[in-house]
Amino acid sequence: MSIKKIYSLFAALLASVFIISGCTATDGKRIVRIAHAQSETHPDHLGLLEFEKYVEANLGDKYDVQIFPNELLGASVKAIELTQTGAIDFVVCSTGNLETFDDIYSIFSIPYLFDSTEAYYAAMEDEELKERIYTATRESGFEAVTWFDAGTRNFYTTKPVTGPDDLKGLKLRVQQSPSNVNMVKAFGAAAAPMSFGEVYTAIQQGVIDGAENNELALTNNKHGEVAKYYVYDRHQMVPDMLVGNVKFLDSLSPEEREVFDRAAEICNEVERREWLVQVEDAKRQAEEMGVNFSDVDVEAFKAKVMDLQHQMVADNEKLAPIYERIQTINKEVG
Ligand code: GCU
């Protein structure tokens, strides 16, 4: 049996232990479980540690927050399912992975949605957009409490890429997201949807020719050891979201909910600050690993997927008002 199979059996076992054992610790406190896919040095994890600290400083007699990093409870899709059913309480995951659970999240998979990082930040902090998105997924069993910066997604490959035509015929990993499959196809490549934890081995074994992600994937997840060409085509800015189980959030008293909401705000601030520091470090470290970073003609890449951008909005009626608001922000912020 492969290590990966043993690992996922372990994750499944752990999750079923939670379902059977429930949420109460021996000291009578309610255990609040949070899963994510990153390492313990990643900005997401550092943000969550502050979440834990704040909740326990204010409600420590009642709640014991436990964080499970490194896909310990299963890869993102599995961890979202566990959050949906209430086996765990929160998950941090990419909107790419949330998309199949509630298609409102496909908004962030639209290639070249934001005109700049400033417009992206303004949109993520925009109250109208938060209202439209955060609670819209309640019927799917979860709602968002905050967002995390996950930078800009770019392609990285085992073969040099200088323009969009070099992507033709390559097999590239995408998240388990139909929109991302379509995007990669529009670039003329073949899409290989798989979980984050599977990417390193897939590149190493030549099953795929590369993937697309932010710079931390090269270092934190060591993808830079096996893919040496990173091109700044800047096709997406896809946030990570902290989403919680609806029943758990609804079980909180208004005072408790206020504490959890403030904890989420603090965790967002810490994560975003850490993100900016770590992304610069990651570039330096990746260069030392021999990764070649190159700037490319972004407009040439954009031209390949603008039809898809419009098609995605036309195909999903939930997206139009959100898309329009983002276009206004793009114009205002530039
Ligand atoms: C980023 C993101 C993760 C996501 C991963 C992926 O690392 O922060 O939430 O799972 O990309 O591509 O799967």
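This is a predicted model: local features need pLDDT of at least 70, side-chain atom pairs count only at pLDDT 80 or more; totals for chains, interfaces and linings use all residues.
1. Helix α13 comprises 15 residues, numbered 319–333. From its first C-alpha to its last it reaches 21 Å, close to the 21 Å expected at 1.5 Å a residue. Just after α13, G334 adopts a positive phi of about 85°.

2. The buried residues of α13 are L319, I322, Y323, R325, I326, Q327, I329 and N330. Their packing partners are α5 (117–124), α6 (127–133) and α12 (298–315).

3. The pairing of α5 with α13 may be considered next. Their axes come within 9 Å and cross at roughly 130°. Angles over 145 degrees would count as roughly antiparallel; α5 and α13 are therefore oblique to each other. The crossing of these two helices is right-handed.

4. On the α5 side, the contact with α13 is made by E118, A119, A122 and A123. On the α13 side, I326, I329, N330 and V333 take part. By class, the residues of this contact divide into six nonpolar, one polar and one charged. I326, I329 and N330 are also listed among the buried residues of α13.

5. A second pairing joins helix α2 (residues 43–59) and helix α11 (residues 254–288), whose axes come within 7 Å. The crossing angle is roughly 150°, and α2 and α11 are therefore roughly antiparallel to each other. The crossing of α2 with α11 is right-handed. Their contact contains 15 nonpolar, three polar and six charged residues.

Conventions. Residues are numbered from 1 along each chain as its sequence is written. Side-chain values use heavy atoms; hydrogens and water are left out. Helices (H or I, at least four residues) and strands (E, at least two) are DSSP runs, numbered from the N terminus. The expected span of a helix is 1.5 Å times one less than its number of residues. Buried means under 20% relative accessible area, exposed over 50%, partly exposed in between (1.4 Å probe, protein chains only). Contact means heavy atoms within 4.5 Å. Axes are lines fitted to C-alpha atoms, for helices over the stretch in contact, and angles run from 0 to 180 degrees between N-to-C directions. Angles under 35 degrees count as roughly parallel, over 145 as roughly antiparallel, 65 to 115 as roughly perpendicular and the rest as oblique. A crossing is left-handed if the near helix is turned anticlockwise from the far one by less than a right angle, and right-handed if clockwise. Ala, Val, Leu, Ile, Met, Phe, Trp, Tyr, Cys and Pro count as nonpolar, Asp, Glu, Lys and Arg as charged, and the others, Gly among them, as polar.
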